[in-house]
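I opened the model and kept notes as I went. The entries follow in the order I looked things up.

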Amino acid sequence: MHSTLSDVLLADGARERVAADCQALVEQELAAKSGVSAGALKVAYKVVTTVAPGYYRTTVEKLVPKLMQQLQPFWTDFHAAGGGSFGDYLAKRGDEVSEALLAVTDDLAGGSPRGAVVKAYKAVRSSAGKHIEAALPAVGTLVEKYAG
């Protein structure tokens, strides 16, 4: 087990593997969604993934360390509480965790020179928290895969 979630990324190639699993998780979550807000989310995803070849992949790779830092206090508290499933732990703190993760993407959007990406992000930002909350059990599973 790693002492911090950031330590997970120190292994050779770990950042790329974690980022690839994050991308797969996003795609899995999108495929399972339906309705109006899901339609907007899928359009935003299409914009981000087609802006430039490789943009989405490299952006996710850049975000992973920051997301791990945001999850660290939850990971520490989870272990202090005695275990169980990290995904269940995150889901019980859904609003708090989703806001912590959205702080990372808000920061990225705030400094992005890509107008189309920022516009797409702003279009879905108000509903993003509930989508992240729904994915937290899977996020917990992903973190445990690498850090557990």
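**Entry 1: Val 47.** I looked up Val 47 and found this residue in helix 3 (residues 36-50). I take helices as DSSP runs of H or I with at least four residues, strands as runs of E with at least two, both numbered from the N terminus. Val 47 is partly exposed because its relative accessible area is 26%. The classes I use are buried under 20%, exposed over 50% and partly exposed in between, with a 1.4 Å probe and protein chains only. Leaving out residues up to four places away in sequence, I find Val 47 touching Ala 116 and Ala 120. A contact here means heavy atoms within 4.5 Å. I also checked Val 47 against Asp 12: 35 residues apart along the chain, their C-alpha atoms are separated by 31 Å.

**Entry 2: ground rules.** I note that the model is predicted, so that local features need pLDDT of at least 70 and side-chain atom pairs pLDDT 80 or more, while totals for chains, interfaces and linings use all residues. Residues are numbered from 1 along each chain as its sequence is written, and side-chain values use heavy atoms, with hydrogens and water left out.

**Entry 3: aromatic pairs.** How many aromatic pairs are there? I count 6. My rule pairs rings of Phe, Tyr and Trp (its six-membered ring) with centres within 6.5 Å; planes under 30 degrees apart are stacked, over 60 edge-to-face, the rest tilted. Phe 78 and Phe 86 make a tilted pair, 5.1 Å centre to centre with 55° between the planes. Both of these residues are buried. Phe 86 also pairs with Tyr 89, this time stacked, at 6.0 Å centre to centre and 15° between the planes. Why are Phe 86 and Tyr 89 separated by about one helical turn? They sit 3 residues apart in helix 5 (residues 86-92), hence the spacing. Phe 86 counts as buried because its relative accessibility is 0%. Tyr 89 counts as buried too, at 8%.

**Entry 4: Asp 88.** I stayed in helix 5 and looked up Asp 88, which lies there. Is Asp 88 buried or partly exposed? Asp 88 is partly exposed, because its relative accessibility is 44%. Its C-alpha atom is separated by 24 Å from that of Val 60, 28 residues apart along the chain.

**Entry 5: Thr 59.** Thr 59 is found in helix 4 (residues 55-81). I get a relative accessible area of 11%, so Thr 59 is buried. Thr 59 and Pro 137 are 78 residues apart in sequence, and 23 Å apart C-alpha to C-alpha.

**Entry 6: whole chain.** I then stepped back to the fold. The protein chain has 7 helices and 0 strands. Of its 148 residues, 42% count as buried. The C-alpha trace spans about 45 × 35 × 25 Å along its principal axes. The radius of gyration is 15 Å, which agrees with the value near 15 Å for a compact globule of 148 residues. I take this radius over C-alpha atoms, and the globule rule is 2.2 Å times the number of residues to the power 0.38. Of the contacts between residues at least 6 apart in sequence, 74% join residues at least 24 apart.
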